[in-house]
Amino acid sequence: MHPRNVWQALSRPGYALSAWPWRSAGYLLTGTVTGVVLLVGIVLSAVAGGVLALALVGLPLLLCTVLAGIPVAALERLRLRLVDPEPAPDPHEPPGDPGLRAWLTTRLRERATWREFGHALLFAGLLWPVDALALAVGLLCPLTVVATPVLLAVFGEAKVLKVWLVTGWPTAFGFALLGLVLLALGAYLLGVVAGARAGLTRLLIAPREADLGARVVELARSRVRLVDAFEAERRRIERDLHDGAQVRLVALTMTLGLARLDAPPGPLADQLAKAHEEAGTALAELRELIHGIHPKVLADYGLEAAVTDAADRSAVPVDVDLELSGRLSQAVEAAAYFVVCEALANVGRHSGASRAEVSGGHRDGRLFLLVRDDGRGGARAGAGSGLTGLADRVSVLDGRLTLSSPPGGPTLLRVEIPCEPAS
């Protein structure tokens, strides 16, 4: 398995003979060149801005200096591949509108732009000299020592590192061997410095937390898309049952009814009557199933009408007090409706309540729903009540479901879902 970055390569035998020391040297060399160019550009911009400040040209130059961190960071993300091939994400968001003004506004409001500007200043003032020093100590000095015999052959003498004068071949070859040892040690020095330098660069301009945040956002978006697809599938099933199976059952019920009227009294008439009753029961159950999948009143008239309909069908008398100014998104309406239906079903089955109340409304960009009953209390989510699944459904929409049900009552179920009125 090949090492994924220079740090993994450093921990393995044979590092000094691999390509990683040269990749590290290339990373430090390009960093030195880039840093020098960046420093010259910043100095010239500062001088020009100071000279032209009275002519109101200094502000555009200052703006260009701030935005210069963006291409520098883009180049750094490319250079990172020399010692850390893991992709470095671009933290910038695309502007919402076309044009230079929208682009400038977006960039100047982003934290990433100012973080990259700070990196550019640090790069120009401190980082590239470190790159140059590590390159000189880890590569240039050992190569100079290795080249002692060559210098002796060309010039008749060699002054190693401007310190030791060498005039004989045995001493020259001895320095050459020493240079090879220093070159091997310098390879590790280059790897360590390049790895630390790359880690600092990634921390400043391409933090993994930003990539993680983007993944979390995409996960939330995919989760919402999944809910929308689920609701669309529910509506399709409801439509197919309503327009297909229900129509056929109605036709079957009518046929059995007519056959029952035409049959003479006897065993056959009794069997037809029984079949007619079973078909009617199946039709009623199918209609209830269709209503539970996605009630037509919810699709046609919205959440307020659907909650009122559910309250009318509840086994316990229910007071409804909802204040909704308009329709909400389909996913929010469906989730809120099924929460109310499940809560009212629990009230009828388990609470022993004599009355319940459903209230709420849309305020400050959130839908609030309260389901209250005067029953015995003691309800718990996850105790077969179905509320755990409803809480999961609400959480998909970034909502929250809370339950308060002390022994002796009352029971209060509260739902909050962030949403805006549908257009």
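Visitor: In this predicted model, which residue's side chain meets arginine 366 in a salt bridge?
Guide: Arginine 366 sits in strand β5, and its partner sits in strand β7, 50 residues apart. The N to O distance is 3.5 Å. The partner is glutamate 416.

Visitor: Is glutamate 416 buried or exposed?
Guide: Buried means under 20% relative accessible area. Glutamate 416 has 9% relative accessibility, so it counts as buried.

Visitor: Which residue's side chain meets glutamate 76 in a salt bridge at 3.6 Å?
Guide: Glutamate 76 is in helix α4, and the partner is in helix α8, 121 residues apart. Glutamate 76 is buried at 0% relative accessibility. The partner is arginine 197.

Visitor: Which residues are linked with Glu76 and Arg197 in a network of salt bridges?
Guide: The network holds Glu76 and Arg197. It also takes in Arg79 and Asp131.

Visitor: Where is the residue that pairs with aspartate 84?
Guide: Aspartate 84 lies in the loop between α4 and α5. Its side chain meets arginine 202 in a salt bridge of 3.2 Å, N to O. Both residues are buried. Arginine 202 is in helix α8.

Visitor: Which helix gives the most to the nonpolar patch?
Guide: The patch is made by Leu122, Leu126, Val130, Leu200 and Leu203. Helices α6 and α8 each supply at least two residues. The helix with three residues gives the most, and that is α6.

How values were computed: Residues numbered from 1 in each chain as written. Predicted model: local features only at pLDDT ≥ 70, side-chain atom pairs only at ≥ 80, totals over all residues. Heavy atoms only, no water. Patch = residues over 30% accessible without salt bridge, like charges linked within 9 Å, V, L, I, M, F, W, Y side chains within 5 Å. Areas by Shrake-Rupley, 256 points an atom, 1.4 Å probe, with all protein chains shown as cover. Salt bridge = Lys/Arg side-chain N within 4 Å of Asp/Glu carboxyl O. Helix = DSSP H or I, 4+ residues; strand = E, 2+ residues; numbered from the N terminus. Buried < 20%, exposed > 50% of the residue type's maximum accessible area, 1.4 Å probe, protein only.
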